[in-house]
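Please open the structure in your viewer. Keep the selection tool at hand.

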Amino acid sequence: MDAVVQTLASNLEETSMSEEVQSVPTFAPAPEIVERRLATGPTTRELIRHSSLFLLTFITATFAGIVFAANEGNAAEPKLIRFFDYLVYVPEYYRRLVADFLGQAMANPDLLKSGLAFSTALLTILTAHEMGHYLACRYYGVKATLPFFIPSPPLLGAGTFGAFIKMKSPIPSRRALFDIGLAGPLAGFLALLPIAVIGLFTLQSAPHQTGPGIIVFSDPLLFQIIGKLAGVKLVDAQPNPFYLAAWIGLLVTSLNLMPVGQLDGGHGTFAVFGQRAHKIIGRIVFVVVAVTSVLGFVWHGSPSGFLYTVLLAVMLRIRHPMPETMEPLDRARSLIALLTLIVFVVSFVPFPITITQ
């Protein structure tokens with residue numbers, strides 16, 4: 001009998017303690033904090049791999065800056081005598097152009113300085129963008145890689161195809177999705193602002209070029225605002241390395257903020273409006289961009305809009321993952337969403353490039 005009473009008393013004591021722990025958990029860490037402790041840093045091998053990609057991208061972006069500053073190459077075309085000469089014409093002419101631009105940079109230190117200024121400014125923007133994502137992932141305990149920087153071949157664009165991180169574990173909550181998705185473009189935009197100011201305040205006037213085949217960069221609203229403050233007529237100005245880096249940074253920011261698929265804007269849209277609205281908004285934006293790309297080709301001679309259309313089409317086919325919990329967003333994040341929309345408006349240009357005919 002005493003044993004039974006003792007057993008019942010012990011069970012009651014354990015039950016009481018269990019209920020007390022469940023009802024007063026104020027001393028326990030929040031679930032997201034427990035999750036954060038599970039995040040591990042990169043290994044030495046990963047650091048070497050990502051650093052190597054960054055260094056290679058820095059080199060190719062520097063070369064792109066040299067090309068922008070030099071404007072044109074002076075390489076002689078290969079002679080076409082034998083049949084073999086026709087087969088190697090393109091790679092041989094490409095090699096000569098690359099060698100010519102490198103020769104110009106070695107002979108003119110100002111060209112090399114322009115290339116370094118461009119690559120430093122551009123990679124500062126891209127690094128800030130990707131580290132915004134990465135640090136937000138670390139904060140919420142989401143396993144993610146360091147940024148992968150993608151170099152592009154010389155003479156092709158800005159010397160880089162951009163950068164990205166890869167998340168390797170589920171996103172724990174709606175707020176985590178919101179923060180991780182928008183931390184990147186907002187951090188990149190903050191890094192971009194001083195570069196844009198330097199670029200626009202140091203623009204030099206240049207004669208307005210006319211004729212067919214001239215590439216004209218359309219200025220986003222942010223540039224127009226800063227240009228007025230600087231008293232600069234953007235139409236009659238020669239783009240410098242900081243202007244070009246900031247222009248490309250705004251283009252990347254506006255593209256990433258489109259509310260489609262798993263783009264940064266898609267993450268934000270999913271977090272703010274939910275799964276169904278995210279799907280509908282993404283399809284509407286895709287149609288608008290597709291129509292705009294056709295108009296851009298007809299009106300401005302630029303085929304760049306078709307690349308956006310293809311990218312968004314791919315994004316639409318990738319299913320957006322559902323966070324583990326979909327708790328309500330707070331007022332602060334609603335204000336951040338509005339701020340992000342303003343960033344998109346001042347960054348976006350419907351027709352980024354015009355090719356004169």
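The model is predicted: local features need pLDDT of at least 70, side-chain atom pairs count only at pLDDT 80 or more, and totals for chains, interfaces and linings use all residues. Residues are numbered from 1 along each chain as its sequence is written, and side-chain values use heavy atoms, leaving out hydrogens and water.

**Stop 1: α7 and α10**

Select helix α7 (residues 174-201) and helix α10 (residues 264-273). Helices are DSSP runs of H or I with at least four residues, strands are E runs of at least two, and both are numbered from the N terminus. The two axes come within 8 Å and cross at roughly 150 degrees. Axes are lines fitted to C-alpha atoms, for helices over the stretch in contact, and angles run from 0 to 180 degrees between N-to-C directions. That makes α7 roughly antiparallel to α10 (the word applies to angles over 145 degrees).

Now show the side chains. R174, L177, F178, G181, L182 and P185 of α7 meet D264, H267, G268, F270, A271, V272 and F273 of α10. Contact here means heavy atoms within 4.5 Å.

**Stop 2: α11 and α12**

Move on to helix α11 (residues 275-300) and helix α12 (residues 304-317). They pack at an angle of about 160 degrees, their axes 8 Å apart. α11 and α12 are therefore roughly antiparallel too. Residues making the contact include F286, V289 and F297 of α11 and F306, Y308 and L312 of α12.

**Stop 3**

How many aromatic pairs does the structure hold? There are 9. Rings of Phe, Tyr and Trp (its six-membered ring) pair if their centres lie within 6.5 Å; planes under 30 degrees apart count as stacked, over 60 as edge-to-face and the rest as tilted.

Select F68 and F118. This pair is edge-to-face, 5.4 Å centre to centre, with 85 degrees between the planes. F68 sits in helix α3 (residues 44-70) and F118 in helix α6 (residues 109-139), 50 residues apart. F68 is partly exposed at 31% relative accessible area, while F118 is buried at 1%. Buried means under 20%, exposed over 50%, partly exposed in between (1.4 Å probe, protein chains only).

**Stop 4: F148 and F164**

Finish with F148 and F164. Their ring centres are 5.1 Å apart and their planes at 20 degrees, so the pair is stacked. F148 belongs to strand β1 (residues 148-151), F164 to strand β2 (residues 160-164). F148 is buried, with a relative accessible area of 17%. F164 is partly exposed, at 38%.

Key:
Angles under 35 degrees count as roughly parallel, over 145 as roughly antiparallel, 65 to 115 as roughly perpendicular and the rest as oblique.
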